[in-house]
Amino acid sequence: MTSQETVSEEEDLRGDLRYYFMSPCEKYRSRHQLPWKLGVQILKIIMITTQLILFGLNNQLVVSYKEENSMAFKHLFVKDYTGTDADDYSVAVYSQPDVYDSLFFVIDQYAQLKNLSVGPLSYAQDNSEVSPLLICKQHYRRSSVQPSNESYDIDPETETVCLTVDSETAENREWKTANTSFFKLDFYRLVNVKISFQLKGINLQTIRSHELPDCYEFFITITFDNQGHSGVIKIFFESEAVSSACRNWNISGTAQKNTHYLLIFDAFVILVSLISVVLCTRSIVLAVKLLQRFSRFFQVAYKRKVSETDQREFLNHWHILVIISDIMAIVGSILKMEIQAKARTSLTSYDICSIFLGTSTLLVWVGVIRYLGYFQKYNVLILTMRAAFPKVLRFCCCAGMIYLGYTFCGWIVLGPYHEKFEGLSRVAECLFSLVNGDDMFTTFSEFQETSTLVWLFSRVYLYSFISLFIYMVLSLFIALITDSYETIKNYQKHGFPMTDLQAFLRGYNDFSYSEGDKEEEAKGSFICCCRR
């Protein structure tokens with residue numbers, strides 16, 4: 001290759017590199033090429049945000065319907081329910097008469113459901129037959145307990161006995177007499193009693209948002225839990241709602257027409273997201289080819305290898321972020337279309353769809369920061385985050401070890417005496433709130449003084465954690481970010497360190513010592529440290 005051809009190739013490569021690293025406005029001024037990718041991203045932001053708002057309003061109606069029905073069921077079937085759950089259970093009973101009253105209360109309320117419920121509810125049917133109420137009691141196979149003599153004889157194997165009751169039979173009190181032996185509970189042997197039944201309802205409130213109503217099947221389980229044998233039987237209420245398309249329906253008005261419009265809008269969102277994926281993938285492919293071209297020329301012309309810092313400049317992480325958000329938007333839109341078309345599958349749930357749509361909207365709006373980075377004043381935030389991220393990550397790994405130690409210690413020692421320390425996740429959440437200064441006095445004051453030793457330990461535990469993490473760990477965390485910010489501000493005033501790529505773009509031909517050499521030296525020193 002002659003020197004003239006080398007110079008010509010160098011100028012062509014330099015021009016392509018400069019054009020690649022331009023902003024959309026600079027590209028338009030340079031070649032008068034419309035920024036199609038920018039236009040697609042702006043259109044996608046508007047459409048995905050609108051789609052999320054429409055779906056969110058509908059999802060709120062669905063969630064409120066489930067929660068309100070669950071509250072209504074508790075008041076209907078749980079005797080003496082006050083409207084507020086105690087910890088994770090609804091009600092607790094302490095005497096045998098209360099257990100029998102609560103048990104028969106469920107059965108009686110189930111039999112009179114049509115006369116009690118104010119909502120569109122009815123018994124579930126299977127092949128035109130009403131699904132019966134199922135009562136199962138689980139108890140030890142053999143149990144003889146005599147606390148006065150401090151003696152017991154227990155077979156830990158359990159057995160379950162069940163009884164089915166339909167709504168018509170439950171109204172007849174003679175069946176209770178016929179099943180007296182079943183309802184005679186041996187509380188020393190009893191583990192739990194479960195009452196299960198199914199109801200069906202229709203969510204009519206979606207008509208207000210011009211949506212077709214869904215039919216729901218409620219799987220209700222009421223458990224009388226006596227596993228602790230502590231003199232307290234806890235009553236747990238569980239309700240699982242499964243939606244499905246109604247079989248026979250007729251509705252007047254514009255609900256069906258609006259559904260068609262929403263389906264067309266969702267299809268257009270999928271189309272725009274696919275175009276965005278194609279454009280971003282095309283940009284990544286062009287970047288890889290440009291990097292290979294630059295690496296070959298740099299190796300031939302200057303006998304130098306492109307540093308990893310310069311190689312990362314060609315990998316635009318924003319393109320990867322946009323592709324991920326587009327894929328999630330496409331999947332979420334497909335699930336949303338199936339929900340609106342009442343095509344129910346195992347994946348078409350409001351929760352799964354909202355996760356995909358919400359995450360895609362989050363990533364789309366985060367991607368806007370890329371375009372703000374073309375302005376120097378806004379670019380400080382992006383550069384500070386990029387510079388501080390490795391330091392913050394290493395620091396969090398070290399601080400996380402201490403945090404995990406406090407988490408396990410608090411769970412083991414303080415869990416039995418404080419509700420905020422009953423589980424690992426709750427301990428982690430409590431400690432995180434303490435780091436942010438929330439509920440400090442409440443956490444201190446709610447400790448039970450049943451054990452003086454544990455109470456003193458809790459004071460040492462809390463004071464040491466708060467002092468260590470607020471005054472040291474949190475201060476160092478902020479100092480790391482502040483240091484990166486000051487470094488970026490200093491670079492903006494006096495210039496950023498020159499790399500081989502930047503020197504090449506500026507037309508320099510001297511690459512005797514640049515940031516690439518410093519990077520290789522740093523890598524070599526790191527390897528030496530690892531070998532030691």
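These legends walk through several close-up views of one predicted model.

Some ground rules come with the views: residues are numbered from 1 along each chain as its sequence is written, and side-chain values use heavy atoms, with hydrogens and water left out. Because the model is predicted, local features need pLDDT of at least 70 and side-chain atom pairs count only at pLDDT 80 or more, while totals for chains, interfaces and linings use all residues.

View 1. Helices (H or I, at least four residues) and strands (E, at least two) are DSSP runs, numbered from the N terminus. The chain has 532 residues, and 38% of them count as buried. Here buried means under 20% relative accessible area, exposed means over 50%, and partly exposed is in between, using a 1.4 Å probe and protein chains only. Take the contacts in the chain with a separation of 6 or more: residues 24 or more positions apart account for 69% of these. A contact means heavy atoms within 4.5 Å.

**View 2. Phenylalanine 104 and phenylalanine 183 make a tilted pair of rings.** A search of the whole structure turns up 23 aromatic pairs, and this view shows one of them. The ring centres are 5.0 Å apart and the planes sit at 45 degrees, so the pair counts as tilted. The rule behind that word: rings of Phe, Tyr and Trp (its six-membered ring) pair if their centres lie within 6.5 Å, with planes under 30 degrees apart counted as stacked, over 60 as edge-to-face and the rest as tilted. Phenylalanine 104 belongs to helix α4 (residues 96–111), while phenylalanine 183 is in the loop between α7 (174–178) and β7 (190–203), so this pair links distant parts of the chain, 79 residues apart. Phenylalanine 183 counts as buried because its relative accessibility is 6%.

View 3. Phenylalanine 421 lies in the loop between α13 (376–414) and α14 (424–435) and tyrosine 461 in helix α16 (residues 452–494), so the pair ties together parts 40 residues apart in sequence. Both phenylalanine 421 and tyrosine 461 are buried.

**View 4. An aromatic cluster, and a charge over a ring.** One cluster is formed by Tyr65, Phe73, Phe77, Tyr110, Tyr123, Phe197, Tyr216 and Phe218. As for the charge, the charged end of lysine 137 sits over the ring of phenylalanine 182, 4.9 Å from its centre. To qualify, NZ of Lys or CZ of Arg has to be within 6 Å of the ring centre and within 35 degrees of the ring normal.

**View 5. Cysteine 136 and cysteine 162 are joined by a disulfide.** The count for the structure is 1 disulfide, meaning a pair of cysteine sulfur atoms within 2.5 Å. In this link the S to S distance is 2.0 Å, and with 110 degrees about the S-S bond it is right-handed. Cysteine 136 is in strand β5 (residues 133–146) and cysteine 162 in strand β6 (residues 151–165), 26 residues apart. Cysteine 136 counts as buried at 15% relative accessibility, whereas cysteine 162 is partly exposed at 43%.

**View 6. Helix α3 packs with helix α10.** The angle between α3 (residues 36–77) and α10 (residues 317–340) is about 40 degrees, and their axes are 12 Å apart. Axes are lines fitted to C-alpha atoms, for helices over the stretch in contact, and angles run from 0 to 180 degrees between N-to-C directions. The crossing is left-handed, which means the near helix is turned anticlockwise from the far one by less than a right angle. Among the residues that meet are Lys37, Ile48 and Phe55 in α3, and His319, Asp326 and Ile339 in α10.

**View 7. Aspartate 80 and histidine 229 have positive phi values.** Aspartate 80, in the loop between α3 and β1 (91–93), has phi near 60 degrees. Aspartate 80 is exposed, with a relative accessible area of 61%. Histidine 229 has a phi of about 45 degrees although it is not a glycine. Histidine 229 is found in the loop between β8 (214–225) and β9 (233–244), and counts as partly exposed at 32% relative accessibility.
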